[in-house]
Amino acid sequence: MPTPAGNVPDHLAPTVRRVVYLPVNRPFEAAFHSVAAEVASLEKSQRDNVTLLVVDDCAPPVSRANRQVTERVARESGLRVHTLDQQGWRRLATTLIAASGLTGADRATAQTALVKPTGSYGAGPNKAALVAALEGAVSLHRRDSDQITTVDPDTGASPLRLEADLLSRARPEGGAAAYCAGSFLTGRPTRDRRDLERDSTEYAARIDALSQLPSAPARHPPLPPVRERAALLGGQHAERDLTGVVEMGIAAMRSVYEWIPEMPAVGILGSDYFQKGLLYQLDLPVFHHSLPARHTYESWRTEQRDDSHLAWYVRAEVRYAVLRRHWNSFNHLLVAERARVLSDGHFDSRAYGELFVEALHEGARGAESIPDDFVAVYRDAANAATGEVRRRLLVRLAGLEEETGAVNAYVAGAIHEFAALSRLWPGLISAAQRVGRTTALETFTH
């Protein structure tokens, strides 16, 4: 399997293949045009080796409208565009599981974890990672369907070019100078807390505090005293990201998506950040560059008209609060037990999953009260609010109260599933690489 000590190819070499993907669950015309412009701005020899992948998880009417957009762009630009819809993904997943040789319980685990209904934040990245392995790609670049990027008309600088540059640079001592490269978002925040923070930011601060450990040990290895910087095309620059500023919706990865998947659980916010989070703990560089994307809301989200979505989203948020507490415990264990997962340049996916389950068991008691405490925050915010804000907070509160008793068990189940899939992941990646030598991506896409 790939290791952190692998060779790093020239980012502009015509033979280097990359996958640029959008996980899509909404109309996405503006976002798709912007990422297509990023790819189209490359020289022909480079863009011919870019697979522009739409991971489609939309209802049929939206899927058909999006397909019209992708087909028109592909026809007019000549870009290599593929749409992997739910039916095509099921065929691909079945093919890869069979090629992996998994049997019995492992086969069932892989099937259940990979073929998820809509609402899994990790589903799109996992599908794209296996496609990248199938395609023989050296890096995987993500753009979300509600984010707009730009290309500098004078210099040709774009997030894609900067990511490719950063991910392809080698360290003098060996390995890559960056394993993740990305930027930040302007515009609307990804987590919408307008109602919760309407009267006081105290409520959001109380929720964030629920996931923190009572006493966090000092980080080892310590952070470097001087932040690393890199000069990039068009006068742009990048810095080593030590605080998690890179947003996954405008980011790219090398290698790490072949070591572990993202968490495939349905309805937990933040479950598509495990790969980037792992890099921080292993002290493998993440770089933040200076070309952001603009994040937008659809009209229904701007106006908060859909009560069912308000309730769904807050349930996803309380699950994340519990998950984050276990994740914090796991990260401290991961740093302390670094040699169990990364030794002599080789990453051990099985040990990674085992450590996460150990952290879950050790921290179960500390997470027990989080759902009730989370509900208390929303109850206090609702009691302090008036008018339409109060009504919406009460909708969220009702959704939370229905969920409270099941949250801890739900998150524990998600961690166990993630740990099991992590153990199986290298075999699935290897299977995708083997299948890709004889089977074209077009077999599974449109």
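Trainee: How many cavities of 30 Å³ or more are there?

Mentor: The count is 4 cavities of 30 Å³ or more. A cavity here is a set of points, on a 1 Å grid over the protein atoms alone, where a 1.4 Å probe fits but cannot get out. Grid points are joined across faces, edges and corners, and a volume is the space filled by probe spheres set on the points. Bear in mind that this is a predicted model, where local features need pLDDT of at least 70, side-chain atom pairs count only at pLDDT 80 or more, and totals for chains, interfaces and linings use all residues. Residues are numbered from 1 along each chain as its sequence is written, and side-chain values use heavy atoms, with hydrogens and water left out.

Trainee: How much space lies in the largest cavity?

Mentor: About 150 Å³. It has 13 lining residues, and Gln304, His309, Leu310, Tyr313 and Arg396 are the closest to its centre. Lining residues have an atom within 4 Å of a point.

Trainee: Which helix gives the most to that lining?

Mentor: Helix 12, with 5 residues. Helix 11 (299-303) and helix 12 (307-336) each supply at least two. Helices are DSSP runs of H or I with at least four residues, strands are E runs of at least two, and both are numbered from the N terminus.

Trainee: And what's the lining of the largest cavity like by class?

Mentor: There are 6 charged, 5 nonpolar and 2 polar residues. Nonpolar takes in Ala, Val, Leu, Ile, Met, Phe, Trp, Tyr, Cys and Pro, charged is Asp, Glu, Lys and Arg, and the others, Gly among them, are polar.

Trainee: Back to Gln304. Where does it lie?

Mentor: Glutamine 304 is in the loop between helix 11 and helix 12. Its phi is near 50°, a positive value in a residue other than glycine.

Trainee: Is glutamine 304 buried or exposed?

Mentor: Buried, because its relative accessible area is 7%. The cut-offs are under 20% for buried, over 50% for exposed and partly exposed in between, with a 1.4 Å probe and protein chains only.

Trainee: What about phi of serine 255?

Mentor: Phi of serine 255 is near 70°, also positive in a residue other than glycine. Serine 255 sits in the loop between strand 10 (250-253) and helix 9 (256-259), and at 10% relative accessible area it is buried.

Trainee: How far apart are leucine 140 and methionine 253?

Mentor: They are 113 residues apart in sequence and 5.2 Å apart in space, C-alpha to C-alpha.

Trainee: Where is alanine 293 found?

Mentor: In strand 12 (residues 293-295). Alanine 293 counts as buried at 1% relative accessibility, and its contacts include Phe184, Leu185 and Ile250.

How values were computed:
On a 1 Å grid over the protein atoms alone, a cavity is a set of points where a 1.4 Å probe fits but cannot get out, and a pocket is an open set with protein on both sides within 12 Å along at least five of seven lines; lining residues have an atom within 4 Å of a point. Contact means heavy atoms within 4.5 Å. Lists of a residue's contacts leave out its neighbours within four places in sequence.
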